[in-house]
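Reader: Can you walk me through this one? Start with a single residue, then move to the packing.

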Amino acid sequence: MKIILACDESGAKGYADKDEQFPGQVGVFAGLFVPEEILPTVEQRLEAAIAPYRDIGGKLHITDLPPKQQDSMRAEIFAAILELKLPCFWHAIHVAGFHSHHLATQKVLSEAHKKRASNPNLRVKVGSPRENPASLHAVLFTGLYGHIVAYIEERCPGPVEIIVRTDNVDAPIAKLFRQKADDLLNTGPRTV
């Protein structure tokens, strides 16, 4: 089985060492689950839903439209998703909680290093990835991808190829997403 995960992020996507820029700020990654066998039908139906809003030759972004057209376009896309019975997934994280967790982890590491400095015989692992702030963008993608994997495992376990489609992202981000997907699925022992 082959499925397409058409997804995009919205909101915050910085690193854990940065606090929220405004109260309640979140990062969200959302996507549609599209079995390959119905992809042409889905593409046609969604294109028909957005075609009336597209300028000739231009890239369409919903925020470029006036509010009433945004509402209308959302309603048409939502109707298409319901009609096609496409499963929708999302993963969201509050920036303040993400940052708070990072600070708590840093405090634990700092205290461990202080204890090690005062007691040279105490062994403390250093060089852990926790010493570097996590990317909210990557953690959001991992959460979304995990939801998709769980859905597949619950509904139709077996070999599956997941093709992830996002908007244009920088090569290092694309590489990081691939690594996070591999990390999630490859749980056996490995040498680093």
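**Contacts, cores and helix packing**

Author: Leaving out residues up to four places away in sequence, His102 touches Ala16, Asp17 and Pro133. Contact here means heavy atoms within 4.5 Å. This is a predicted model, where local features need pLDDT of at least 70, side-chain atom pairs count only at pLDDT 80 or more, and totals for chains, interfaces and linings use all residues. Residues are numbered from 1 along each chain as its sequence is written, and side-chain values use heavy atoms, with hydrogens and water left out.

Reader: Where does His102 lie, and is His102 buried or exposed?

Author: His102 lies in helix α3. Helices (H or I, at least four residues) and strands (E, at least two) are DSSP runs, numbered from the N terminus. His102 is buried, with a relative accessible area of 10%. Buried means under 20% relative accessible area, exposed over 50%, and partly exposed in between, with a 1.4 Å probe and protein chains only.

Reader: OK, cores. Which residues touch the most other members in the largest nonpolar core?

Author: Leu5, Phe29, Leu136, Ile148 and Ile162, out of 21 residues in that core. A nonpolar core is a set of buried Ala, Val, Leu, Ile, Met, Phe, Trp, Tyr and Cys residues joined through side-chain atoms within 4.5 Å.

Reader: Which elements give two or more residues to this core?

Author: β1 (2-11), β2 (26-35), β3 (88-94), α3 (95-118), α4 and α5. The most comes from α4, with seven residues.

Reader: What is Leu39 in contact with?

Author: Ile4, Val34 and Arg165, leaving aside neighbours within four places in sequence. Leu39 lies in helix α1 (residues 39-50). Leu39 is buried, at 13% relative accessible area.

Reader: Switch to Leu140. Buried or exposed?

Author: Leu140 is buried, with a relative accessible area of 0%. Leu140 is found in helix α4. Beyond neighbours within four places in sequence, Leu140 is in contact with Ala12, Gly27, Val28, Phe29, His91, Ala92 and Ile93.

Reader: Now helix pairs. At what angle do α4 and α5 cross?

Author: Roughly 45°, and the axes of α4 (residues 136-155) and α5 (residues 171-185) come within 9 Å. Axes are lines fitted to C-alpha atoms, for helices over the stretch in contact, and angles run from 0 to 180 degrees between N-to-C directions. That makes α4 oblique to α5. Angles under 35 degrees count as roughly parallel, over 145 as roughly antiparallel, 65 to 115 as roughly perpendicular and the rest as oblique.

Reader: Which residues make the contact?

Author: From α4, His137, Ala138, Phe141, Thr142, Tyr145, Gly146 and Val149; from α5, Ile173, Leu176, Phe177, Lys180, Ala181, Leu184 and Leu185. By class, the contact of α4 with α5 has ten nonpolar, three polar and one charged. Ala, Val, Leu, Ile, Met, Phe, Trp, Tyr, Cys and Pro count as nonpolar, Asp, Glu, Lys and Arg as charged, and the others, Gly among them, as polar.

Reader: And α1 with α2, what angle?

Author: About 160°, with the axes of α1 and helix α2 (residues 67-84) 9 Å apart. The two helices α1 and α2 are therefore roughly antiparallel to each other.

Reader: Which residues meet there?

Author: Thr41, Val42, Arg45, Leu46, Ala49 and Ile50 in α1 meet Met73, Glu76, Ile77, Ala79, Ala80, Glu83 and Leu84 in α2. The contact of α1 with α2 divides into nine nonpolar, one polar and three charged residues.
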